[in-house]
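Subject: Structure for you to look at

Hello,

Here is the structure I said I would pass on. Please open it first and keep it beside you while you read the notes below.

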Amino acid sequence: MMRHETERLWALAANELELEDKRYVELHLSDCPECRDGLEAVRLARRALETARSSAPVLAWEATDEKVGALVEKRLRASARPRWIPFALGGGLLATAMLAGVLLWPASAPVEPLPQPPLVEVVAPMPVRVEMARGLTRVAASIEPVAAGETLQSGDVLKTGIAGKAFVHLPDSSHVRVAAATQLALTRAEASDIALTVSRGRIAVRASHEPRQGFVVHAGDVTVQVVGTIFSVSNEAEGVEVAVSEGTVRVASGDEKVLEVRAGQRLVVDARSGKTRLGKLTPALERELGEVQGVAEAVTSAEQQAVVAAAGGSAPRRSSALPRLSSEEAKARQVTPVGPDVAAPPAAEAPPPAPETKTITVEPEAQVEVERWDGPGTLFPSLAGGATRGVPTSRDEAPAAQVPAKPLPAPEGPASEEAEWAAMPKAEPSLAVTLAPAKAEPAPPPKPNQVVVAKPQAKSLEQLFLEKAESSLDKGTCERFLAGLEDIALEGSDQAQLARVLRARCFDAQLRPRQAMGEYVKYLEAFPKGRFAEEARTALGQ
Amino acid sequence: MTAEALPMPRLVPTPPPTGQVEARLLRLVDRIKGDDALAFEELYRLTRDDVARTLFHLTGRQSDLDDLVQETYVRLLRAIPAFRGESQFRTFLYRVCGNVALMHLRWWRRRREELTDEVPEQVFGGVDPERAAQQAQATRLVHRALNGLSAKKRVVFVYHELCGMGPEEIAQAVGTSYNTVRSRLHSARLDFTKAMKALVQAEVQP
């Protein structure tokens, strides 16, 4: 019986056969109707493949570009970070703590009061500061790359690449997110007056409520006047789009018509006809606006807490109207706690005030820590590497200003990290360390050679972000934290576990089980024995 | 018979990308090894469409493509320091794509009940509607037929038939021998043809 040539039919159709084989198969085909049918099926399949080959999937490239860019930048930053920095910082802190211990040791001889350096360096009026930059350049006589931490000024023109993105902190404490492929001019960038011009691309703004003459964004013929709100402006070939997620903006188009765009609305001004169209916010816009809001909140919260922690006071009540301490307020806070009424204990036992006063002397290293923060670069892209003022170096490092005057009783903190998370106040976490007992209850005398180290209580921005993300689950606003959580989760740090699980819980809360399961799978792949492994397995039905 | 009419030898490797493109990619790789983010951005811009198309055919899933592209580039960045230029960069890139796709395929195979036949409605922008409909139909059929292949066969088949890679290049990309690639390819072709025939018949006789 003749053997079918099924296996060589595809090779024949693809012209891959040697001449001899080809002739043999063709001869076989002339006598075998089944193989002829088979060849027809092969040709059909190949035609389908030919058509499918030229097909290209449509992706939302702008969003994908941003995500890839953010992930890549984090990887590059993480690989570039010197490994010795944590050890050096740890050593420096240990030395500082030992020095403080020696100074605090009660001496029989009166101690000469030391001159007090300022507790915190007075913050100068804020320039425009780049908090995060990827593919950001300054357009001048030549194109100059701009890195995170650099300062800008009025008149600078910024441009982001196709996978670029940047966060800029304006002098009035507003935050601007510059999307990919955007050109933005800082027409006026002063604390009292802001004017931005979007030549093309998109910006999202979280405008502060600081008093100022005005905050205006120009995009083509459109002018957007801001009071204090969260909005975005894009200028593309099709027209200008203004979207608002909080507050209200007034939009004036070329024909002097002024429209109000309220929260949840999106106004499109057609470039050709000049007609306006009002619609609802899209999910992508909501995410974008949520991101700038999340970043602004995290920066603000960290700055306020760090300034207060360094000053030894309690955390201020958060006010959305004042997202950032003004320089005057900061100055006032810096001065207040140095006085004996705050730092020194009551005079019941009439202890000499000198030791207390001396103990809050800030060592030079501490000033550097409070003034500039270079880590963790593993935060989320908007903040990594930025010069955020007033943030302690890391959670495990207590600022020198927090070294107590006398040895404090051992804080009754939770033993495990999870318990520590649970114990942390969510609404207003206070980072301040009480410098002395409020009542005249003398602290036990320190043992000889005891090194006094305050319990580290300062939280990193990463932790604050996680806290906010966790609390947002109940409020149903976790969407805005997803991108930042992904960044933290990819870092593989201690917080990565929580970040990954929070993403899963967020998706779960949004009734997106597939994405939630995907997050749990990623969690188990990265942390098979992690502390949330049971939760993940339960969710996956394993 | 003239020389032009002679059949090509069996499974001839497809020509590599032009030397200029490859040289450009290799220069970018050198810069990326020095932590140059802009170089990576350029490399991303040059390769992203190809990566997306390859992942699309390898997995057949449009909805997860965004995540897959991200995962590919994160892995690529992690792997680039180990790239010594012993193969084409394109081969190296396809290897990363293949690994990402394999993981994804295995994940979905375990949850086959959730694997729906996805119709790529918005796949073909910018072409005339009739052609777009033809492409959508063909792509849907091809992906459904590919779903019947094992993950390893699918990778080899897609690389050869849809990405135009030769068997030697595929062997490098998937980390196996030339003969294994040939074997998988032949087997995949038979399975694919059979599946396509059945699908077309089912469409004709609903």
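Confidence

Please keep in mind that this is a predicted model. It scores ipTM 0.78 and pTM 0.42. For chain B the mean pLDDT is 79, and 80% of its residues reach 70 or more. Within chain B, confidence is lowest in helix α1 (residues 19-33), with a mean of 82, and highest in helix α6 (residues 151-162), at 90.

Two stretches of chain B need care. Over residues 113-117 of chain B, pLDDT stays under 50, and the model has two contacts there beyond four places in sequence. Over residues 119-125 of chain B, pLDDT also stays under 50, but here the model has 19 contacts beyond four places in sequence. Where pLDDT is low, the predicted coordinates should not be read in detail.

Chain B

Chain B has eight helices and zero strands, so its pattern along the sequence is α-α-α-α-α-α-α-α. Of its 206 residues, 39% are buried. Taking the contacts in chain B between residues at least 6 apart in sequence, 65% join residues at least 24 apart.

The largest nonpolar core has 63 residues. The members that touch the most others are Leu55(B), Val69(B), Leu93(B), Cys97(B), Val156(B), Tyr159(B) and Phe192(B). To take one of them, Val156(B) touches Ile170(B), Val174(B), Val181(B), Arg184(B), Leu185(B) and Ala188(B), if residues up to four places away in sequence are not counted. There is also a second, separate core of 49 residues, which includes Leu158(A), Ala207(A), Val233(A) and Val295(A). In soluble globular proteins, nonpolar side chains tend to be buried together.

The buried residues in α3(B) are Leu65(B), Leu68(B), Val69(B), Glu71(B), Thr72(B), Tyr73(B), Leu76(B) and Leu77(B). An α-helix has 3.6 residues a turn, so residues three or four places apart point the same way.

Tyr73(B) sits in this helix. Is Tyr73(B) buried or exposed? Tyr73(B) is buried, because 27 other C-beta atoms lie within 10 Å, and the cut-off for buried is 20 or more. Val51(B) is 22 residues away from Tyr73(B) in sequence, yet their C-alpha atoms are 9.2 Å apart in space. Leaving aside neighbours within four places in sequence, Tyr73(B) is in contact with Val68(A), Val72(A) and Tyr44(B).

Where the chains touch

The contact takes 42 residues from chain A and 48 residues from chain B. On the side of chain A, the elements that give two or more residues are α1 (6-13), α2 (19-31), α3 (33-53), α4, β1 (128-139) and β4 (157-169). Which of them gives the most? α4(A) does, with eleven residues. The residues on this side of chain A divide into 24 nonpolar, nine polar and nine charged.

Helix α4 of chain A covers residues 61-80 and contains Lys74(A). Lys74(A) counts as buried because it has 24 C-beta neighbours inside 10 Å. Lys74(A) and Leu490(A) are 416 residues apart in sequence, but 8.8 Å apart in space, C-alpha to C-alpha.

Other places in chain A

Two residues in loops have a positive phi without being glycine. Asn15(A), with phi near 60°, is in the loop between α1 and α2 of chain A. Asn15(A) is exposed, because it has 11 other C-beta atoms within 10 Å. Ser173(A), with phi near 75°, lies in the loop between β4 and β5 (175-178) of chain A. Ser173(A) counts as buried because it has 22 C-beta neighbours inside 10 Å.

The last item is a hairpin. β14(A) and β15(A) form it with five residues between them, and Gly274(A) in the turn has a positive phi of about 80°. Strand β14 (residues 265-270) and β15(A) run antiparallel and are joined by five bridges. In one of the pairings, Val269(A) has Thr276(A) of β15(A) as its bridge partner. Strand β15 of chain A (residues 276-280) is hardly covered: of its five residues, the count of buried ones is zero.

Regards

Conventions. Residues numbered from 1 in each chain as written. Chains lettered and ligands numbered in written order. Helix = DSSP H or I, 4+ residues; strand = E, 2+ residues; numbered from the N terminus. Buried ≥ 20, exposed ≤ 12 C-beta atoms within 10 Å, placed from the backbone. Contact = placed C-beta atoms within 7 Å. Nonpolar A, V, L, I, M, F, W, Y, C, P; charged D, E, K, R; others polar. Core = buried A, V, L, I, M, F, W, Y, C linked by C-beta atoms within 7 Å. pLDDT = per-residue confidence, 0-100. Pairing = 2+ DSSP bridges.
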